[in-house]
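Please open the model in a viewer and keep the sequence panel at hand.

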Amino acid sequence: MPKSTESSRLLVKAHFLILFFFVINYSAVASTGVERETSNESKSLKVVPIGVVLDQNSPLGLTVDLCMKMAVSDFYEAHPNFTTRLQLHTKNAETVLDANFAAVDLLEHEQVHGIIRPQTSTEETFFAELGQKSHVPIISFNARTSSLPSTYSVRTTPDDSVQARALAAICRAFEWPEIAVLYEETNSGNQFISHLNKAFQEVDIGLAYMVPIQTSAEDSDISKELNKLSRKQTRVFLVHTNPSLGFRLFTLAKSAGVMSEEYAWIVTNSLSIFLNSIDSAVRDSMEGVVGVRPYVSNSKALENFKERLRRNMTMSNTTTTSPITELNVYGLWAYDAVTALAIALEKIVPLNSTSLGPRLLNELLTTKFQGLTGDFELFNGKMKPLAFEIFNVIGTGEKIVGFWTPERGITRDLSSTGEKTYATSAKELKTITWPGDSVTRPKGWAIPTTGNLRVGVPWKHGFTEFANVIIDEKTRRTNATGFSIDIFLAALEVLPFPIKYQFIHYNDTRNTDWSYDDMLRGIPEDYDMVVGDVTVWAPRAAHVDFSLPYSESGVILVVKNKKPFDMWIFVKPLKWDLWLAIVIACILMGVVLRILENRVVSNDADSIIENKERRRAIYWSPVTVLAFPERNMVLNNWSFFVLVLWLFMAFILMQSYTANLSAILTVDQLKFAFSDSYYVGCQEGSFMKEFLINQLHISPSRLRSYNSSEEYHRAMSKGSKNGGIDAIFDEIPYMKLFLNTYDSQYKMAGPTYRTGGFGFAFPVGSPLVAHFSKAIVDVTQGPNMTAIEQKNFGPGYSSQDPLSSRISQQTSSLTLYEFAGLFFIIGSVTLFSLFCSETAIGRKLTDKTANFIHILFHFKSSRVMSMEVDGDTNEPVANDDDDVSDVSVRDGTDTMMRVIEAGPENGEIIDNVTDNNQQ
């Protein structure tokens, strides 16, 4: 069990025993005090006893005791007409237990109506309880804590929370991202840390390390803690201890080498108040330290008091060989505290011992006067916040570099006039000499002095384009290449300061059960930062800090590119019923146009052949009009109207066909139905497995891990049924490489899931994060980014290219097979046409077919024409005549067909044929 813990338990027991004894005997003591006080009322002066508990064997105790006695003497010498007199009853107390017994003794035997408690805050709890039970104000002029558990506790010194705000403002002005705190492990020290933590949170400065040091710590223990701090990145240290412990700490700090250049040390008023009494060796070790302490303005009264104090100390032979012998602000606070008590006592005349304590407390809280330390005014039982002076230890003295006030912030001169604005800039301070005789402001952090920056890189089994570890067989030194490494090296060139680094690889080829999360857990013990294809992910941010990402972010799903293509793809845009309707519509439209065109009769012999060709082509007009729109296919106006409507319908059908075929060739390829029976692939060691299980709720039994693009491809080729996979979930940078290699075989499906991209990992609160983030922005937006990408990923690669171009680079390319059916139909028709035109059998077959069709349609058209003639003449026609007419027409038609087939050189026959027809 630690000594401090055991002693604390003994003190608690002693406190309870003392309080128990005090409660039993206090009533009798109080009655005695009343009688004594009553007897004194008959005199002209009313004497009120006030207890003081001090260590009179310490130089500080002796100085404070002398200052309080001088305060009583000076006050009543200046106010001889006052009817009250304050009488101090001092008890010596070297230990905590002595102080507790002394306080009880003062209440029981001296009947004091107020107690000025010791210069240490260890007894605060006991004294607060004692004051609450006895209704006696407990006045403290040096408490280092703002915890006031009792309404009878009064502090006549500044509150620690105000000092914490001043320290936070100074660190903010110097733009330090974090600090380390070394403090004395006491109740007051712990309470001060709580104030410090709150104040630094308000200005967004981190407390990177908090090192508690026991009051009785050995030099070896302190040196051990200092050596630990020297291996950290933080270079700003704040010290809050008692003078004895603090001065030992600085002597050891210089020996440990942490009082050199690039370091910054700040001390609180627990040390800075006593700097005027340290020896030359300690002062030399504190060269460059910056401190804060309550500001005490110089005045004639103060100078007069210092002079008289020196004479009194010499006359009283109170000087000692102890380092603390000169006057400091503690003595001035004690002087003002006694003065305030004397003023308050005079306000409560006539005195009444039964209510003197509460009345004295109330008057003390409202007392205001000009003391040696400045304006004395209490607020909520504490001294109203005053100014703090900021000083710099230089050589054998100190240099005041500025001030801080709650209203104006940091300022160079308190006497300056003008607009009162809160200043936060270090430019308001004078030049400061830092440790190592440097005038350059420390940046607050540095690479650990134990060696180079330890840069962790993963030893990957695949996707080595991002990070590839190479071990030198001779030196066993770790080297690394790849996209992530090149970004890191480029960022180093942009940083405003040089960094020496050393690659340390994680994992080796024998270990397949590894993960990036395990690697990140090695920060900061094993690595100072991690460089590689490490994804910025929220669960990881709990124990590391990430830089800004330097790659694309997002997770996508890649599946097989199962093209719906076959040799009859050109038929698929339309269903069979629509194809059938189009064919029937073409035939019916041809018939309608043939009927309408029969009403157009030309008696011109030159146009007979043309009419025959036109009528023959009318059957194909719904189709030929699309291919030869410039030809006159029809002469009848009604035929033209019908053909226009047909063209309108045909245009709509063609556009719909084109759009649907385009959809089949492009959009439909992106459709993918994820099945619960599919096995899904993800990358080994990455966060993808946890991401798929927790966020996409995919069963772990359906996940299979792989290390490279080749393994992905082999697994996808097998499929889920053969021990492979049917889909891949991975991040965009990996899938870009995968699709670049096997583009036509795979495609992206589904949405893009948001992730943070690749970034560098650092310890929490590391100041390197901000610097590397800025450097990454400069690199990724600079002219060399494309060269870095193409160096690692191949020519033509660019992260600026949209993902769609990388996914569908070849999916719209069609092959002969997709349109083989169309070529088969066209080829078959072409060969059939050549057969019918160029072979004897084909011509004979064609003639017979043409004669049959001609006879069939001529018979129908002749019947229609004869009926029209009979209707016009209203004369009956004999059947025999009809037969003769039919034969004549048939003979004339046959003759014309032969003439047409004979060619234009036999054109003279046309006239004969025409004449015969007319006859």
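Select D219 and R248, whose side chains meet in a salt bridge at 2.6 Å, N to O; the term denotes a side-chain nitrogen of Lys or Arg within 4 Å of a carboxyl oxygen of Asp or Glu. D219 lies in helix α7 (residues 219-230) and R248 in helix α8 (residues 243-256), so the pair ties together parts that are 29 residues apart in sequence. Helices (H or I, at least four residues) and strands (E, at least two) are DSSP runs, numbered from the N terminus. D219 counts as partly exposed because its relative accessibility is 36%, and R248 counts as partly exposed at 27%. Here buried means under 20% relative accessible area, exposed over 50%, and partly exposed in between (1.4 Å probe, protein chains only).

The model is predicted: local features need pLDDT of at least 70, side-chain atom pairs count only at pLDDT 80 or more, and totals for chains, interfaces and linings use all residues. Residues are numbered from 1 along each chain as its sequence is written, and side-chain values use heavy atoms, with hydrogens and water left out.

Next, select D284 and K254, which form a salt bridge through their side chains at 2.4 Å, N to O. This pair links distant parts of the chain, with D284 in helix α10 (residues 280-285) and K254 in helix α8, 30 residues apart.

Then move to E389 and R293, whose side chains meet in a salt bridge at 2.5 Å, N to O. E389 belongs to strand β14 (residues 388-394) and R293 to strand β10 (residues 290-294), 96 residues apart. E389 counts as buried at 10% relative accessibility, and R293 counts as buried at 14%. The structure holds 23 salt bridges; R155, D159 and K382 are linked in a network of them.

Finally, which helix holds I584? I584 is found in helix α16 (residues 576-597), and counts as partly exposed at 40% relative accessibility.
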